[in-house]
Amino acid sequence: MKKIFAVALIIFSALVVEAQCQEKYIDLHLHLDGAITPGIAKELAALQNITLPVSNDQELEKLLTLPEDSQNLNDFLKCFEFPLSLLQTPEGLRAAVRLVANEIQSQGVIYAEFHYAPQLHTQKGMTQEDAVKAALEGLKDSKLKANLILCLMRGSDNDAENYQTLELARKYLVKDGGVVGLDLAGAESLYPTQNYEAIFTKAREYKIPFTIHAGEDDGPESIRAALSFGANRIAHGVRAYEDPEVVELIKNSGVSLGLCPTSNRMTNAVPDMLKYPLMDYFYKGIKVTINTDDPAIEGTTLHEEFEYLKHEFGLKDSQKFIMLENSIEAAFTTDEVKEWLRREIF
Ligand code: ADE
Ligand code: ZN
């Protein structure tokens, strides 16, 4: 009897694993430097002859994940220093794109848009353009269908670097297989979105699609600003509910919100995760998409994000598929790729 039970359990587990493997996902909001797992970090260190500043796996894991006592986005952003130190050479950056792509592909992701800021990869002499070229090579080394989104960084003394990134996005812009858009990342409440109107006016002139991190650490007025600049998507936007007028604005604009539940929990973007507004936005007709943001730092995968929504908020499969269709519509890529994604997923 025991044996029959054990065999049944094995078969059931195999079916569960297979079902998980068959799940197909799209990640439109994943930062390369937030996706460096301990395994990837070790490979990158070995490739570049970098001695890791820790002596065992446990310490390495600690170095790459968010500390328990972190309070907000500013604490969260401190976690990027170490992974970024492994992404300062063309070989390192190229390999990182390949390794992260392979990692998420093994978790069911079939299309991704990797966000990264070329200006954060110049510590050892790479130019921003070298950093773009290296990441493009990395895309070619992987079988995952993926594109790049170049991040401008919030800050007080990096205007020149941001404009350089803008010009690189213009130069390398394609519809698929390379740089497909811009983003604005970094410390949102310290450097308000409103400060970036001029650069996004230029991005619009250049016809570069863009998303902006807004309504994550700063309030709904940051979303209002991003929409007024003509953002094609909002990264997060979770705090929209604080101003019902902004919720209406988002709904009427048809612009999607790229929500990242675990990230929002870890940065305390909302005070109470039991009142996480995702399903409210969904029922109001806002186009929400589900993403990981920084999967290694948060210790998550897209599969886990959807499981969380299923268990905490009763997300149904039919609703999950609507969210995946939202991702397809919002992706910065060609109609051909979108049609392929629909065939793969539905
Ligand atoms: N860079 C990486 N993750 C980020 C986040 N959640 N917000 C702003 N900038 C980021
Ligand atoms: Zn992000």
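The two ligand sites are described in turn.

This is a predicted model in which local features need pLDDT of at least 70 and side-chain atom pairs count only at pLDDT 80 or more, while totals for chains, interfaces and linings use all residues. Residues are numbered from 1 along each chain as its sequence is written, ligands are numbered from 1 in the order in which they are written, and side-chain values use heavy atoms, with hydrogens and water left out.

Around ligand 1 (a heavy atom within 4 Å) lie His31, Leu73, Leu77, Phe80, Ala185, Gly186, His213, Glu216, His236, Asp293 and Asp294. By class, this shell holds four nonpolar, four polar and three charged residues, with Gly counted as polar.

| Side chain | Distance to a nitrogen atom of ligand 1 |
|---|---|
| His31 | 3.5 Å |
| His236 | 3.4 Å |
| Asp294 | 2.8 Å |

Taken alone, ligand 1 exposes 260 Å², of which the protein buries 96% (Shrake-Rupley method, 1.4 Å probe).

The zinc ion (ligand 2) is coordinated by His29 (NE2), His31 (NE2), His213 (NE2) and Asp293 (OD) at 2.0 to 2.2 Å; donors are N, O and S atoms within 2.8 Å of the metal (3.2 Å for Na, K and Ca), and sites may look incomplete because water is not among the atoms. Along the chain, the donors of the zinc ion follow the spacing H-x1-H-x181-H-x79-D. The arrangement is irregular because the four donor atoms subtend angles of 82 to 164°; tetrahedral would require all angles between 85 and 135 degrees.

Technical notes: Polar contact = N/O pair within 3.5 Å; in protein donor to acceptor, adjacent residues only side chain to side chain. Tetrahedral: all angles 85-135°; square planar, octahedral: opposite > 155°, others 65-115°.
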